[in-house]
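Have the viewer open and follow along.

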Amino acid sequence: MSESVSKAKKSSSAKRDVALKSTSIRLKHAENVQLLANCNHFLIFILSIVFAVAFYYFYENYFRNPFLISVPSSLPLALNRSAVANDFEMYWGSYRANLFIGIGGRNPTAPLFGAMWYMQPSEGEIIVPLIRHWCDQNIGVGQYGWLEHDSRLYGIQQITDYPLSIETTMIKRPLKDHPGDWTLRVQAQLLDSPSVHRAYSFILYLLLPTDGQLYAKKLSNESSVGLIEGKTKGLGDFRMIISKPKSLLKASQIQLAVTDIAHLKEIVLKNTVIFKDASSPNNVIFGIHEIEKSVGNGTNFAAVQLTFNSETTFDIIFESIKDINNRERLTSSVFDKRRKELHEKFEEKFESIFKLKEKQYADVLISAGKHCLSNMLGSISYFHGYSIVQSQFNTHPILYGPHTLFSSIPSRSFFPRGFLWDEGFHQLLIHRWNQKLSFEIIAGWLDLMNTEGWIPREVILGPEAEEKVPAEFLTQRNSYANPPMFFYLIKSTLKNNKLSTDSKEILSRMYPRLRLWYNWLNKSQSGVQPGTYRWRGRNATTDLELNPKTLPSGLDDYPRASHPSDEEYHVDLFSWMALSADVMYELANLFNDKVWAPRFEADAKFLNDPSLLDRLHWSEKTKRYCDYGLHTKHAVLKRMTISEEQSQHSTTSRSVMKRVVKGTPQLRLVSDVFGYVNLFPMFLRLIPANSPKLGYLLEQMADSELLWTPYGLRSLSKKSTCYNQRNTEHDPPYWRGSIWINMNYLAVASLYHYSNVDGPYREIAYKLYSDLRNALVSNVVKEYLRTGFFWEHYNDETGHGEGSHPFTGWTSLTLLMMSELFE
């Protein structure tokens with residue numbers, strides 16, 4: 001029995017073991033199922049994260065970021081467009097400054113007026129006419145420019161194109177509720193002996209850039225010789241009448257449908273035919289082929305050609321048909337009377353601001369001063385179109401716009417477009433003449449800002465502007481900055497409490513965009529170390545440049561660290577940011593911005609602390625402020641022959657200039673370079689007046705072996721290895737020795753400042769101020785009298801003008817130096 005009990009117990013135990021084992025298996029299975037479920041959940045979670053990251057990356061890099069560059073800022077516009085649209089005095093103007101003779105409207109639909117001219121063939125000749133239309137420094141036209149220009153109603157221009165001398169006088173007559181009328185008087189005379197038979201022609205045209213229609217009509221009454229009628233939605237009906245001139249040989253007209261407005265000269269030439277000269281049987285006259293009937297609704301170009309054989313005078317009268325019977329025509333005695341009034345007002349205002357007669361300047365210097373102002377004002381232009389832009393997220397450039405820009409230009413012949421940092425210098429002079437106009441121009445620039453806070457450094461709008469720019473410079477990149485020169489002007493204005501009511505209102509509208517711009521600069525141009533800043537855009541991989549250019553800095557080929565790297569930082573950009581932070585703090589207080597004022601105050605205190613500037617940029621060895629980066633001075637351009645494989649069986653050789661580096665670059669201060677960049681802490685007045693470092697800079701600046709010349713400060717020391725050296729085989733030295741007036745203006749203005757504050761270097765600063773100012777004014781005016789032009793830059797050995805001309809952008813700051821208007 002015990003055996004049976006034992007068996008029963010064993011059987012029961014075995015059953016329990018089987019049950020427990022079965023339960024254990026079920027539990028383990030349940031655990032495995034739960035583990036698998038957990039793993040699945042975790043896997044789904046991980047995959048969700050990966051998918052979200054991938055989607056975000058895909059969205060950011062292929063949908064959002066590629067188009068971010070072309071999204072305009074959503075901030076309120078800085079420019080009051082409604083007020084501008086109703087400022088009829090400023091509607092018409094010499095806003096086609098790229099033309100020798102041109103008038104446009106401050107509206108993309110406004111009719112465009114232009115004049116062309118050329119000399120007819122001499123007796124027995126038949127040659128293609130050399131038509132003058134766009135300003136060009138390489139076609140043999142002599143001196144040209146505005147003698148007087150008031151920016152609003154009036155201007156006189158003189159052009160010498162031997163053997164022809166031309167004077168144009170523009171007068172505007174706005175109506176109370178309409179842009180109204182304008183008249184351009186043209187006076188031409190031959191400089192040759194009267195016994196020499198020469199004929200010449202003017203082609204006077206209107207062009208509609210958008211919708212509308214034009215008709216050209218031949219007139220033969222006592223007072224008029226040509227008529228163009230038209231209509232646009234913005235202006236309504238209008239007409240352009242050409243008064244009947246003396247010595248007229250022939251008149252003809254044409255009307256066409258034109259789409260390529262950048263090649264009007266070529267279109268005119270294509271429609272030119274040969275006529276017999278009735279006054280001289282052996283001569284022929286070139287003239288546009290007459291088309292008397294309309295060519296259809298697309299007619300947007302109409303022109304009248306007038307040919308003369310001696311001196312002449314005629315008026316081109318543009319009239320709005322609105323209330324035309326209630327006013328006298330702006331011609332003859334009405335024109336003469338108004339011209340006299342406006343001339344007297346110009347003279348009075350010019351002297352009241354610049355006081356050159358009071359300072360007892362000679363007449364020839366006063367005339368040069370008027371040329372400075374008038375050509376700055378006469379170069380204000382109106383542009384409309386799209387910018388071509390690209391970011392790192394775009395495989396190809398895209399369009400940004402449409403935009404309008406109302407801006408002065410540096411050079412009518414060579415740079416007829418907007419330049420961001422140039423415009424800051426231009427406004428120093430325009431601001432003295434018309435503060436409201438100046439702030440309107442700056443506001444227009446700020447309205448170009450995209451959602452990031454970036455402003456293109458070159459603004460090239462419309463086919464005429466694009467035609468003058470090499471293809472490689474058309475595309476603007478949103479990683480590239482430009483010196484924020486507008487802050488320099490605003491600081492000067494705030495310092496002297498010279499804000500008019502209108503200007504304060506405009507500045508309040510500008511403030512949010514200035515804030516966004518500053519924040520973009522502060523973020524996008526920051527260096528690796530706190531408080532450092534680096535210009536983007538240098539080429540770190542090229543071996544074709546002696547010292548890779550820094551175009552965004554404005555000082556294109558000025559030598560920096562020889563080997564571009566992320567570790568470098570630039571003293572001029574640091575100085576600009578210190579100035580900008582200070583201005584933003586002042587503006588935040590002015591407009592009671594309690595949110596941003598503490599941030600700007602902290603930035604201003606941090607960046608304007610002299611110890612930070614000294615720690616980052618001061619070279620105790622050379623006693624100057626310097627850039628920092630990967631650098632060696634042992635680099636040269638050398639010509640070498642390279643072989644290129646054309647096919648499997650042939651190679652060709654060509655000769656190129658390449659950079660050869662003999663030393664090992666090291667991270668250090670770029671202390672072997674001395675020039676404009678090293679002076680920026682002084683230019684922008686970051687150095688305390690009692691600092692010995694100011695004394696060292698003044699001493700080096702006055703050294704003729706370094707920067708000082710009898711004509712102004714050269715851009716780069718004669719002892720620098722890059723002095724007057726080409727940067728590439730095709731790029732001659734630019735900012736490597738030449739004298740630039742904008743930088744010299746900053747030097748003179750800073751010396752004026754340090755000569756008027758207490759400090760041990762006050763007397764030294766005053767002497768340098770006086771000597772430098774005299775040297776600059778004397779040389780610029782001397783070259784103007786010698787050549788008839790202001791120049792882009794000046795030779796540091798001879799003082800002769802060089803580069804593009806006429807260059808009436810920042811070289812016109814000579815007038816402010818003459819009048820000692822710095823603050």
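Among contacts in the protein chain between residues at least 6 apart in sequence, what percentage join residues at least 24 apart? The figure is 70%.

## The chain as a whole

Please keep in mind that this is a predicted model. The protein chain has 823 residues, and 56% of them are buried. Its C-alpha atoms fill a box of roughly 155 × 75 × 75 Å, taken along the principal axes.

If you colour the chain by secondary structure, you will find 18 helices and 31 strands.

Let's begin with strand S2, which covers residues 102-105. Gly102 and Gly104 point one way from S2, while Ile103 and Gly105 point the other way. Are these four residues buried or exposed? All of them are buried.

S2 has a partner in strand S1 (residues 92-93), which runs antiparallel to S2 and is joined to it by 2 bridges. Here tryptophan 92 has glycine 105 of S2 as its bridge partner. S2 also pairs with strand S3 (residues 112-119), again in the antiparallel sense and over 2 bridges. In this pairing, isoleucine 103 stands opposite phenylalanine 113 of S3. S2 and S3 make a hairpin, with 6 residues between the two strands.

Next, move along to strand S5, residues 154-161. How many of its 8 residues are buried? The count is 6, so S5 is mostly covered.

Strand S4 (residues 144-149) runs antiparallel to S5, and 5 bridges join the two. One place to look is glutamate 148, which stands opposite isoleucine 156 in S5. The two strands form a hairpin with 4 residues between them, and serine 151 in the turn has a positive phi of about 75°.

S5 also has strand S6 (residues 164-175) as an antiparallel partner, with 8 bridges joining them. Threonine 160 stands opposite serine 165 in S6. S5 and S6 likewise form a hairpin, here with 2 residues between them.

## Helix H15

Now for the helices. H15 spans residues 692-701 and is mostly covered, with 7 of its 10 residues buried. Which residues of H15 are buried? They are Lys693, Leu694, Gly695, Leu697, Leu698, Gln700 and Met701.

## Where H6 packs with H16

Our last stop is a pair of helices, H6 (residues 420-433) and H16 (residues 741-754). They pack at an angle of about 55°, and their axes are 11 Å apart.

To see the contact itself, show the side chains of Trp421, Phe425 and Leu428 on H6, together with Asn742, Met743, Tyr745 and Leu746 on H16. Sorted by class, the contact of H6 with H16 has 6 nonpolar residues and 1 polar residue, with no charged residues.

Terms used:
Residues are numbered from 1 along each chain as its sequence is written. This is a predicted model: local features need pLDDT of at least 70, side-chain atom pairs count only at pLDDT 80 or more; totals for chains, interfaces and linings use all residues. Side-chain values use heavy atoms; hydrogens and water are left out. Axes are lines fitted to C-alpha atoms, for helices over the stretch in contact, and angles run from 0 to 180 degrees between N-to-C directions. Contact means heavy atoms within 4.5 Å. Ala, Val, Leu, Ile, Met, Phe, Trp, Tyr, Cys and Pro count as nonpolar, Asp, Glu, Lys and Arg as charged, and the others, Gly among them, as polar. Buried means under 20% relative accessible area, exposed over 50%, partly exposed in between (1.4 Å probe, protein chains only). Two strands pair if DSSP finds at least two bridges between them.
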